[in-house]
Amino acid sequence: MTEEIRKRLYELRDEEYAVFQAKLIPTRDSGAFIGVRTPALRKLAKEMSKQEGIDEFLKDIPHKSFDEDQLHAFIISEMKDYDKCIEHLSAFLPYVDNWATCDQMSPKTFKKHKSELLDEIKTWIKSDRTYTIRFGIGMLMEHYLNEDFDPIYPEMVAAVSSEEYYVNMMRAWYFATALAKQYEAVIPFIEKNRLDVWTHNKAIQKAVESYRITPEQKEYLKSLKIKK
């Protein structure tokens, strides 16, 4: 199955796109990119997720290419069985080594299992792996900023302490999105300097760039930037 999938990927390759991707994702070796575009990968994932032997590919980790990782992430995202999804996700997350695979993996089944998912998120954000933490924060941002919001969730993200750029960028993204959706509950985190300086300023920058933040809120946020 793995060799069959690899053959399919090479049939879909775009060498110029592979060069472009390698520049965007510096954490992977440039030779790891086949150059398959995302729509083609998603289409292939939907097809392959229905194949009986797909578990062979999912267990064949670490994969050789970025494109195989992407396909793996999209197959997991297609899974309808929550327990099976978590099983495969738990096995795969330690091998995720870039922001694209991390951020584009979003299992559809999570929407129906938010109570159980929250326990997994709490574990992920306490990990010592950069992209496991980033994934956990991303899922907290995606699923718990609307009707399921609770002030304890931004507390969880504020409590994350890391020197990793890709962790703190996701923390900043979380708070910028949270300001857009839950402004009154989240603005105290900025007012009281609850975040490290870099994440604090980056969250303000991203919030100010958002069309969901009012002009008045943007001006106030700008006044809260910390001068280094």
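Helices here are DSSP runs of at least four residues, numbered from the N terminus. With that convention, Pro 62 of this predicted model is found in the loop between helix H4 (54-59) and H5.

**Overall architecture**

The protein chain has 14 helices and zero strands, and from the N terminus on its elements run α-α-α-α-α-α-α-α-α-α-α-α-α-α. The radius of gyration of the chain is 19 Å, close to the 17 Å that the globule rule gives for 228 residues, so the chain is as compact as a globular protein of that length. Along its principal axes, the C-alpha trace spans about 55 × 40 × 30 Å. Of the 228 residues in the chain, 51% are buried, while the chain exposes about 11,900 Å², of which carbon and sulfur atoms supply 48%. Among contacts with a separation of 6 or more, 68% are accounted for by residues 24 or more positions apart.

**Aromatic residues**

A search of the whole structure finds 11 aromatic pairs. One of them joins Phe 33 and Phe 66 in a tilted arrangement, with 4.9 Å centre to centre and 40 degrees between the planes. This pair links distant parts of the chain, since Phe 33 lies in the loop between helix H2 (15-24) and helix H3 (38-48), whereas Phe 66 belongs to helix H5 (residues 66-78), 33 residues apart. Both Phe 33 and Phe 66 are buried. Elsewhere, ring pairs link Tyr 82, Phe 110, Trp 124 and Phe 135 into a cluster. An aromatic ring also meets a charge: the charged end of Arg 37 sits over the ring of Tyr 17, 4.3 Å from the ring centre.

Which residues of helix H12 (residues 183-191) are buried? They are Tyr 183, Val 186, Ile 187, Phe 189 and Ile 190. Seen down the axis of H12, these buried residues fall within an arc of 150 degrees, so they line one face of the helix. What covers them includes helix H10 (152-158), helix H11 (165-181), helix H13 (197-208) and helix H14 (215-223).

H12 is followed by Asn 193, which has its place in the loop between H12 and H13. Phi of Asn 193 is near 55 degrees, a positive value in a residue other than glycine.

**Two residues by accessibility**

| Residue | Relative accessible area | Class |
|---|---|---|
| Asn 193 | 44% | partly exposed |
| Thr 177 | 9% | buried |

Buried means under 20% relative accessible area, and exposed means over 50%, with partly exposed in between. At 9%, Thr 177 is therefore buried, and at 44%, Asn 193 is therefore partly exposed.

Thr 177 is found in helix H11, and H11 is one of the helices covering the buried residues of H12. What is Thr 177 in contact with, leaving aside its neighbours within four places in sequence? Its contacts are with Met 141, Leu 145 and Arg 212.

Note on methods: Residues are numbered from 1 along each chain as its sequence is written. This is a predicted model: local features need pLDDT of at least 70, side-chain atom pairs count only at pLDDT 80 or more; totals for chains, interfaces and linings use all residues. Side-chain values use heavy atoms; hydrogens and water are left out. Rings of Phe, Tyr and Trp (its six-membered ring) pair if their centres lie within 6.5 Å; planes under 30 degrees apart count as stacked, over 60 as edge-to-face and the rest as tilted. Helices (H or I, at least four residues) and strands (E, at least two) are DSSP runs, numbered from the N terminus. Buried means under 20% relative accessible area, exposed over 50%, partly exposed in between (1.4 Å probe, protein chains only). A charge sits over a ring if NZ of Lys or CZ of Arg is within 6 Å of the ring centre and within 35 degrees of the ring normal. The radius of gyration is taken over C-alpha atoms; the globule rule is 2.2 Å times the number of residues to the power 0.38. Contact means heavy atoms within 4.5 Å. Accessible areas come from the Shrake-Rupley method with a 1.4 Å probe; for residues, only the protein chains shown count as cover. The arc is that of the directions from the helix axis to the C-beta atoms.
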